[in-house]
Amino acid sequence: MQFSKLDDINALCRDLPEGDSHAADAAAARQQVLTKPPGSLGRLEGLAIWLARWQGREKPRLERVAISVFAGNHGIAARGVSAYPAEVTAQMVANFSAGGAAINQIAKLAGAELKVEAIELDRPTRDFTAASAMDTDEFLRAFDVGVRSVPDDCDLLAVGEMGIANTTAAAALCAALLGGGAERWAGRGTGVDDAGLARKRATIEAALDFHRGILAEPLRVAAGMGGRELAAIAGSVLAARSRRIPVLLDGFVATAAVLPLAQLAPDALDHCRAGHVSAEAGHRALLRELKLDPLLDLGMRLGEASGAAVAILLLRAALACHNGMATFAEAGVSGRG
């Protein structure tokens, strides 16, 4: 899969593969004959059926689960929009590699393979209040990092990010593509004070003004106001769709990263579920816009795929019941009259 121009992405979004409705129907039928009242496992039943649809199996599996965390640096960090300096991105990537971050612990518990992709950390994107964050070639290179990161034999993919100032980029994308301005979308991110929040909102408003000529073009907005790690997330999610791999999205930044895809095709995220709703301002509203019902609401706002990784445990519970429970006939239990 090669994308040499933005129109290549547009073309794929117009011709997305569907899930396997026969496998989904078979999984739904199985749920009706397991030793429980119909619907009594609530959303766990729907999750098993969703996995069946995208894996093409009546009994889905989670033998190989991948977590991809993409890292990038942002020129707008120099505007004081984060509580942490830009060098923390590289420092946290080193922490991931050493196994010392939250995502390392949760990935191990969830039985998932963690892969961290640092994308040109020594070359931050440009300050998008006065230039395009990335030109088209830079965006496509980062997008391709995400495309190439998806394992062919993956049963489930979870995506997350690391990048100082990237909640500002995420909020800018939402404001550009969904409206409402900086006040609707910008939150405190890593914990900025009131002055930092004001700088963040002013940065987003300046960016909206500078880029007002491209706001109707989702991919140009993604290049102009996004970041390399956001582009990579979008690439990985689109590649997963092309291979019918189900995806768990992490928090506000990861969800904002795929907003351009949803604007290109209304069904572009059918293979995705929101692992959780972040405490970051704007995430709940963004999930409502995308019609994604989060699996968990734990007040998390860490990023690095941590919320999506916790949701993997929920999917494992759904499949343990779906695949392991006896049917009424197998157990010799009388069904409903």
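I would like to begin with the largest pocket of this predicted model, which holds about 470 Å³ of space. Of the 28 residues that line this pocket, Gly189, Thr190, Arg301, Leu302 and Gly303 are the closest to its centre. By a pocket I mean, on a 1 Å grid over the protein atoms alone, an open set of points where a 1.4 Å probe fits, with protein on both sides within 12 Å along at least five of seven lines, and lining residues have an atom within 4 Å of a point. The volume is the space filled by probe spheres set on the points, which are joined across faces, edges and corners.

Residues are numbered from 1 along each chain as its sequence is written. Because the model is predicted, local features need pLDDT of at least 70 and side-chain atom pairs count only at pLDDT 80 or more, while totals for chains, interfaces and linings use all residues, and side-chain values use heavy atoms, with hydrogens and water left out.

Which elements supply at least two residues each to the lining of the largest pocket? They are helix 4 (88–98), strand 3 (156–162), helix 7 (166–178) and helix 12 (252–264), and helix 7 gives the most, with 3 residues. Helices here are DSSP runs of H or I with at least four residues, and strands are runs of E with at least two, numbered from the N terminus.

Turning to the second largest pocket, we find about 200 Å³ of space, and its lining includes Leu178, Leu259, Asp270 and Lys291. Helix 12 gives the largest share of that lining, 3 residues.
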